[in-house]
Amino acid sequence: IINIAVAKSQLSQPPFSRAASCKMLGKLATKLDQQSVRQEVLPPTLALCQDVESDVRNCMCRHLALVARGIGLELTKSAILPVLVELSNDESSDVRLSAIETVVHLLSLLDDEVCNNTIVPLVIKSCDQARTSEDCTLPVIARHLGRLCHGLPPNLSPDQKAWFITYYQQLSKLGTTSSTEAGNGGKPMPDLVPRDKGEDKGEKYVEGRQACAYNLPGMVLFVGSANFTDKLFSTFCDFATDPSSSVRKTLATSLHELIKIIGTNFSLSKMQVVALFNDNSVEVLSAMVVNMVYVIDALARFGV
């Protein structure tokens, strides 16, 4: 199988063969001994990360975490991480997305030094890039933010921690107040910008805010339950009144987890809980009904 995988990885092979090789190499890395992975799997893996076709680079990037586990920490630092940094700056947004997802999968393997020197700057840069370009990477960054923040705390300085909290707060508002203001003041815009692009961006914003709502329990763990009132309560309120029912539904779905984390602070959310129980969306109400026992029990216990 190694011979087939290496043969299919050659540049003379069509792109679909090279993509198949990426998947085979990833699987082989989990089956072979470390020495074999280093000698047989790593060289074609690194070559495929530099492939001329973005689809092939993307496919190999998605399997890099498996190869990294197969070769061990030291070689991952010297061979895989430089390639991963390069892929995080790829011209293709799909490849950049896969690089971030690979970082998420690698967190448990890497040591503090690598996290401090390489991973934290890489994640911050990718987050900034996603916010600037506002492309398809944005919802994915939002989806992984909780897990990234949860995996990095020992390696974050107070300034970096504050940066992640601010970034999360900004993502949670994307496409709400700012976009409506732009819509009121910029009436000629639809003539200059095709409508469908605007709608696509609106969908990305909603997807991003929904991912942020999903990550709220994780972000509360990140800031610490004692800091919920100062740091994240206003974001909680934003989600409860979000213009998109999918965001409100996601918040409603996570209420039982929030109750466990924030304890007595949940009593602050009385008005938002009442609003969610009065929501005009059946999906939001359905999520509230599922969590009704937890919500009412918590409000009763905390004296509301």
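**Helix neighbours, salt bridges and buried bits**

Me: What do the axes of H6 and H8 do in this structure?
Reply: They come within 11 Å and cross at roughly 15°. Keep in mind that this is a predicted model.

Me: And what makes H6 roughly parallel or roughly antiparallel to H8?
Reply: Check the angle, roughly 15°. Angles under 35 degrees count as roughly parallel, so H6 is roughly parallel to H8. The crossing of H6 and H8 is also left-handed.

Me: Which residues make the contact between H6 and H8?
Reply: From H6 you get Lys77, Leu81 and Val85. From H8, Glu113, Val114, Thr118, Ile119 and Leu122 join in.

Me: Lys77 turns up there. Why is the pair of Lys77 and Glu74 called a salt bridge?
Reply: The N to O distance between their side chains is 3.7 Å. The cut-off is 4 Å between a side-chain nitrogen of Lys or Arg and a carboxyl oxygen of Asp or Glu, so this pair passes.

Me: Where do Lys77 and Glu74 sit relative to each other?
Reply: They are three residues apart in helix H6 (residues 73–87), which means about one helical turn separates them. An α-helix has 3.6 residues a turn, so residues three or four places apart point the same way.

Me: What makes Glu74 and Lys77 buried, partly exposed or exposed?
Reply: Glu74 has a relative accessible area of 54%. Exposed needs over 50%, so Glu74 is exposed. Lys77 has 23%. Buried would need under 20%, so Lys77 lands in between and is partly exposed.

Me: Which residue of H8 does Lys77 bridge to?
Reply: Glu113, and that salt bridge has an N to O distance of 3.9 Å. Glu113 lies in helix H8 (residues 112–133) and Lys77 in helix H6, so the pair ties together parts that are 36 residues apart in sequence.

Me: How do you know that Arg301 and Asp297 form a salt bridge?
Reply: Their side chains meet at 3.0 Å, N to O, and the rule asks for within 4 Å. Being four residues apart in helix H20 (residues 292–301), Arg301 and Asp297 are separated by about one helical turn. Arg301 counts as exposed at 53% relative accessibility, while Asp297 counts as partly exposed at 38%.

Me: What makes H7 roughly parallel or roughly antiparallel to H9?
Reply: The axes of helix H7 (residues 93–106) and helix H9 (residues 137–151) come within 10 Å and cross at roughly 5°. That angle makes H7 roughly parallel to H9, since the limit is under 35 degrees. Among the residues in contact are Leu97 and Ile100 of H7, plus Val140 and His144 of H9.

Me: Why is helix H5 called largely enclosed?
Reply: Six of the eight residues of helix H5 (residues 64–71) are buried, so the rest of the structure largely encloses it. Those six are Leu64, Ala65, Val67, Ala68, Gly70 and Ile71.

Me: Which helices do the buried residues of H5 pack against?
Reply: Helix H2 (15–31), helix H3 (34–49), helix H4 (54–62), H6 and H7. Just after H5, Gly72 takes a positive phi of about 90°.

Me: What makes helix H14 mostly covered?
Reply: Count its buried residues: seven of the eight in H14 (residues 216–223). They are Leu216, Pro217, Gly218, Met219, Val220, Phe222 and Val223. Just after H14, Gly224 takes a positive phi of about 95°.

Me: How do you know whether Thr176 is buried or exposed?
Reply: Its relative accessibility is 17%. The limit for buried is under 20%, so Thr176 counts as buried.

Me: Where does Thr176 lie, and what does it touch?
Reply: Thr176 is in the loop between helix H10 (158–173) and helix H11 (177–185). Leaving out residues up to four places away in sequence, Thr176 touches Arg209, Asp242 and Pro243. A polar atom of the Thr176 side chain also lies 2.5 Å from the backbone oxygen of Lys173.

Me: How many helices and strands does the chain have?
Reply: The chain has 20 helices and zero strands. Of its 304 residues, 47% count as buried.

Technical notes
Residues are numbered from 1 along each chain as its sequence is written. This is a predicted model: local features need pLDDT of at least 70, side-chain atom pairs count only at pLDDT 80 or more; totals for chains, interfaces and linings use all residues. Side-chain values use heavy atoms; hydrogens and water are left out. Helices (H or I, at least four residues) and strands (E, at least two) are DSSP runs, numbered from the N terminus. Buried means under 20% relative accessible area, exposed over 50%, partly exposed in between (1.4 Å probe, protein chains only). A polar contact is a pair of N or O atoms within 3.5 Å; within protein, one must be able to donate a hydrogen and the other to accept it, and residues adjacent in sequence count only if both atoms are side-chain atoms. Contact means heavy atoms within 4.5 Å. Axes are lines fitted to C-alpha atoms, for helices over the stretch in contact, and angles run from 0 to 180 degrees between N-to-C directions. Angles under 35 degrees count as roughly parallel, over 145 as roughly antiparallel, 65 to 115 as roughly perpendicular and the rest as oblique. A crossing is left-handed if the near helix is turned anticlockwise from the far one by less than a right angle, and right-handed if clockwise.
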